[in-house]
Amino acid sequence: MGRIPPSLRSAVSTSLIKRAPDSQPLSDQPRQFLHKPIKRKPAKVSAAEQESGRLQQKPLLKSPDLNDAKKLFNSLVAAARAPLEVRFNNAFLQSYAAISTPDNSISLLHHMSKTLPSFSPDRSTFHLLLPHCCASPESSRSLSAVRQTLNLMVNKGFDPNQVTVDIAVRSLCSAGHVDEAVELVKEMALKHCKPDTYTYNFLVKSLCKTRVLSSVYGFIDEFKTSFDVEPDLITYTILIDNVCNSRNLREATRLVSVLKECGNKPDCYVYNTIMKGYCMLSKGSEAIGIYKQMKEDGVEPDMVTYNTLIFGLSKSGRVSDARKYLKVMVDNGYLPDAVTYTSLMNGLCREGNVMGAVELLEEMKVKNCEPNSCTYNTLLHGLCKGRMLEKGIELYGLMKQVGMQIETASYATFVRALCREGRVAEAYEVFDYAVESRSLTDVAAYTTLESTLKWLVKARQQGLAV
Amino acid sequence: MLPQRVKKAVADNPKKIANLIDLVNLPSTLRDFVGQSQISRLGCFTRVWSYIKANNLQDSNNKNVVNCDEKLKRILLGRSQVELAELPALIKLHFPKEPK
């Protein structure tokens, strides 16, 4: 449920998370960093930049050896007719940092500013060094490398700002060093600047994944008292999502009341999250209750609300109610999509009304709604469970034609159904397809096949199967 | 929900997985067939299955039955015909549980 604005997401998180493997040509990654401050969307690519972009197309640096990089840089300086821009130098440094250690990268930076006096590192230089420092596998070392870079930054006259903190936190968390990220944020809040809401909420979200709830609350309290950073609506949404995922709906309800006390008005996201929590537990009536509460509070339900509700009702076996809300949804101007239909199909299959589900597939086609792989998998699962193997095989043929992946559950059901009918060779063929299409790992696919066959042999010995 | 459950199932029995993918020193009969001295049980199964497919050894009337050629006979207890359903069990015979 993280609601980071797309502009920020494209600038910070994706480029950091997608850490390029060594072999990848150094193309897009550096360029994303060249526009500072990073919270702005990249401007149009200028001609000069395309020039430097072209230079980056070839993987210039192949070895992580420091001396090689120094030599290459010297030769580039010597060969360049015009003085090299900061942008080019940054790209060069980033390419090296991607394949080398933080210490060596910092040494290279020193070397670069020494050989080329005209090159003065700017804020972005340090910002693009930071993620690489954060990513080192030993957590204790990573923070010292981060500190080293930050100190260097301060020495060059750049005070770390909120963007700096954000970059460091995101890279630390994506490398799994959440505790270090917390330590760093506290340190920065004392020395330089408080984290902004994006950093703060990201940190809360990462903490929710790794720590127990009480410790997350401790973190929030600590930031409230020591740094005056208050949790906002998004923070609460993250917390509610987290407790709902651990099936603690009572805590979720408590959080909503706390949130109201703090003067926030729950929005669509909060309600959707709680509704999802109830739906996961197959509590259809409570989900409808949330829907009604939304209406009372004057929050307009959106597409996600309706899809969640229909999913939950189908899951708890109330397909007729689900259909009722499908109508309400259409009346409110939302067109049902593949998710809506798949949820309904799931409900119908659970009820044993497989033909109803097949009819729904037809209806989807009429309404020009493209079924996705989940739709087909649900249907395959339902057909096999409902002992309509022939239809299932037909559907599987369709899936195979377009190279659609087969999900674990449908694969297992399908293989079992085939074996039950004594069609072992076809089960082997499905096994082959599952592995080929990379739907399942070969271990998972084989384990299922093996246990099914084991069961089959046993059943045959007892005269139970063909 | 599903991937979590699968992950859990895998995490729950690491021994079973290890038993499937660990490389094992092969007895000489199997060594001749696969042409290497070590293979996992899963690898061995894949090898045998693709051998059957490549040499068209499935019976044309009943695809569930494999007519073994000389090479295959040697590793599958000398039987001239095996059912596909038995294949994993037959291969497992070559991979006895290690004594603790």
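Let me begin with chain A, where, among contacts between residues at least 6 apart in sequence, 67% join residues at least 24 apart, a contact being a pair of residues whose C-beta atoms, placed from the backbone, lie within 7 Å. What we have here is a predicted model, in which local features need pLDDT of at least 70 and side-chain atom pairs count only at pLDDT 80 or more, while totals for chains, interfaces and linings use all residues. Residues are numbered from 1 along each chain as its sequence is written, and chains are lettered from A and ligands numbered from 1 in the order in which they are written.

Chain A has 25 helices and zero strands, where helices (H or I, at least four residues) and strands (E, at least two) are DSSP runs numbered from the N terminus. Of its 466 residues, 44% count as buried; buried stands for 20 or more other C-beta atoms within 10 Å of a residue's own, exposed for 12 or fewer, and partly exposed for what lies in between, with C-beta atoms placed from the backbone.

Chain B, by comparison, has six helices and four strands, and its elements run α-α-β-α-β-α-β-α-β-α from the N terminus on. Of its 100 residues, 19% count as buried, and 22% of the contacts in chain B with a separation of 6 or more come from residues 24 or more positions apart.

Now to helix α9 of chain A, residues 162–174, which has 13 residues and reaches 18 Å from its first C-alpha to its last, close to the 18 Å expected at 1.5 Å a residue, the expected span being 1.5 Å times one less than the number of residues. Eleven of the 13 residues of α9(A) are buried, among them A:D166 and A:R170. Just after α9(A), A:G176 takes a positive phi of about 85 degrees.

Which way does α7(A) run relative to α9(A), parallel or antiparallel? Helix α7 of chain A, residues 123–134, packs on α9(A) at an angle of about 25 degrees, with the axes 8 Å apart, and the two are therefore roughly parallel. Axes here are lines fitted to C-alpha atoms, for helices over the stretch in contact, and angles run from 0 to 180 degrees between N-to-C directions; under 35 degrees counts as roughly parallel, over 145 as roughly antiparallel, 65 to 115 as roughly perpendicular and the rest as oblique. The contact is made by A:H127, A:L130, A:P131 and A:C134 of α7(A), together with A:V163, A:T164, A:I167, A:A168, A:S171 and A:L172 of α9(A).

A second pair is α11(A), residues 197–210, and α12(A), residues 213–227, which pack at an angle of about 155 degrees with their axes 9 Å apart, and which are therefore roughly antiparallel. Here A:V204, A:L207 and A:C208 in α11(A) meet A:V216, A:F219 and A:I220 in α12(A).

Leaving aside residues up to four places away in sequence, A:V182 touches A:L203 and A:F219. A:V182 and A:V204 are 22 residues apart in sequence and 9.6 Å apart in space, C-alpha to C-alpha.

Finally, the interface: 16 residues of chain B are in contact with 16 residues of chain A, and the elements of chain B giving two or more residues to that side are α1 (2–12), α2 (14–21), α4 (41–54) and α6 (87–92).

Technical notes. Two residues are in contact if their C-beta atoms, placed from the backbone, lie within 7 Å.
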